[in-house]
Amino acid sequence: YQEMEVWYPVYRLREAGCAVELVGPEAGKTYPSKLGYPAKSTLAAADAKAEQFAAVVVPGGFAPDYIRRSPAMLKLVADAFAAGKPVAAICHGPWV
């Protein structure tokens, strides 16, 4: 992932009082950025339900290339979109 495209939204949303989950293929796994900065997932995509979230933010960088290969990640984003929730995509995020 690209550092600013993950951490900037995370910190701004937290500052606004939002509870932020980092959803990945596996819960508790650390995913390195392109520069090696770690991001640890707090929830597995298979366990994530669109109803749990007010919005979804898809980061940019190379992460979307992996996200779009994950059926569970695609389902989460599609379900959030179908429910009329805001779905934001940064840079290459629209690939998802």
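Tutor: Among the contacts in the protein chain (heavy atoms within 4.5 Å) that link residues at least 6 apart in sequence, 56% join residues at least 24 apart. This is a predicted model, in which local features need pLDDT of at least 70 and side-chain atom pairs count only at pLDDT 80 or more, while totals for chains, interfaces and linings use all residues. Residues are numbered from 1 along each chain as its sequence is written, and side-chain values use heavy atoms, with hydrogens and water left out.

The part to look at is Ala45, which sits in the loop between β4 (43–44) and β5 (56–58); helices (H or I, at least four residues) and strands (E, at least two) are DSSP runs, numbered from the N terminus. Ala45 counts as buried because its relative accessibility is 3%, where buried means under 20% relative accessible area, exposed over 50%, and partly exposed in between, with a 1.4 Å probe and protein chains only. Once its neighbours within four places in sequence are set aside, Ala45 is in contact with Val23, Gly24, Pro25, Ala72 and Met73. Of these, Pro25 is 20 residues from Ala45 in sequence, yet their C-alpha atoms are 5.3 Å apart in space.

Around this residue, the protein chain has three helices and six strands, which follow the order α-β-β-β-β-β-α-α-β from the N terminus. Buried residues make up 35% of its 96 residues, and the C-alpha atoms of the protein chain fill a box of roughly 35 × 30 × 25 Å along the principal axes.
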